[in-house]
Amino acid sequence: MKKIILPALMVALAIPTVAAEAQRQRQGAWQTIGQKKVAFGVETYSFKARGNRLHRQVRICAFRDDLKLLDADVHFANGGEQDILGPKRSLRAGTCTAPMDLRGNRRDIVKVKLAYSRFNTGRAPVVSVQAR
């Protein structure tokens with residue numbers, strides 16, 4: 001009897017988790033590709049994407065303090081790349097850029113290369129790259 005109840009209980013507990021993940025993907029939940037604390041001066045950093053997930057949009061977020069975005073390029077698994085930022089801009093703490101569409105609809109992102117710097121304030125901002 002115990003041998004039957006344990007597997008049935010495991011399946012019953014796993015179903016809500018799988019259903020929640022599927023619903024989050026249907027709603028277009030943002031997935032964090034990477035985040036990094038911003039040092040002084042201009043930095044260039046490549047956030048490597050994990051797995052073979054297909055994305056249609058990317059956004060960049062700032063936390064803790066404002067930062068300056070200088071450049072942003074998305075590199076795809078097929079060797080292509082796309083400049084997604086346009087002109088340099090400031091990003092206020094607690095905000096994200098508007099969603100930036102990727103050409104070709106759903107794309108397999110390999111990495112997102114960012115160039116950024118911080119303002120001369122006491123707190124170091126954290127930059128985050130998200131995709132959906």
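Biologist: By the distance rule, how many disulfides does the count come to?

Modeller: This is a predicted model, where local features need pLDDT of at least 70, side-chain atom pairs count only at pLDDT 80 or more, and totals for chains, interfaces and linings use all residues. Residues are numbered from 1 along each chain as its sequence is written, and side-chain values use heavy atoms, leaving out hydrogens and water. A disulfide is counted when two cysteine sulfur atoms lie within 2.5 Å. By that rule, the count is one.

Biologist: Which residues form the disulfide?

Modeller: A disulfide is a covalent bond between the sulfur atoms of two cysteines. Here the two sulfur atoms are 2.0 Å apart, and they belong to Cys 61 and Cys 96.

Biologist: Is Cys 61 buried or exposed?

Modeller: Buried means under 20% relative accessible area, exposed means over 50%, and partly exposed is in between (1.4 Å probe, protein chains only). Cys 61 has a relative accessible area of 0%, which means it is buried.

Biologist: Which residue of β10 stands opposite Cys 61?

Modeller: Two strands pair if DSSP finds at least two bridges between them. Strand β4 (residues 57–63) runs antiparallel to β10, with six bridges joining them. Along this pairing, the residue opposite Cys 61 is Ser 128.

Biologist: How many residues of strand β10 are buried?

Modeller: In a regular strand the side chains alternate between the two faces of the sheet. On one side of β10, Val 126, Ser 128 and Gln 130 are buried, and on the other so are Val 127, Val 129 and Ala 131. For this strand (residues 126–131), the number buried is six of six.

Biologist: Over the ring of which residue does the charged end of Lys 36 sit?

Modeller: Strand β1 (residues 31–37) pairs with β10 in the antiparallel sense over six bridges, and Lys 36 stands opposite Val 127. A charge sits over a ring if NZ of Lys or CZ of Arg is within 6 Å of the ring centre and within 35 degrees of the ring normal. The charged end of Lys 36 is 5.3 Å from the centre of the ring of Tyr 45.

Biologist: What kind of aromatic pair do Tyr 45 and Phe 47 form?

Modeller: Rings of Phe, Tyr and Trp (its six-membered ring) pair if their centres lie within 6.5 Å; planes under 30 degrees apart are stacked, over 60 edge-to-face, and the rest tilted. The count comes to one aromatic pair. Its ring centres are 4.9 Å apart and the planes of Tyr 45 and Phe 47 meet at 70 degrees, so the pair is edge-to-face.

Key
Helices (H or I, at least four residues) and strands (E, at least two) are DSSP runs, numbered from the N terminus.
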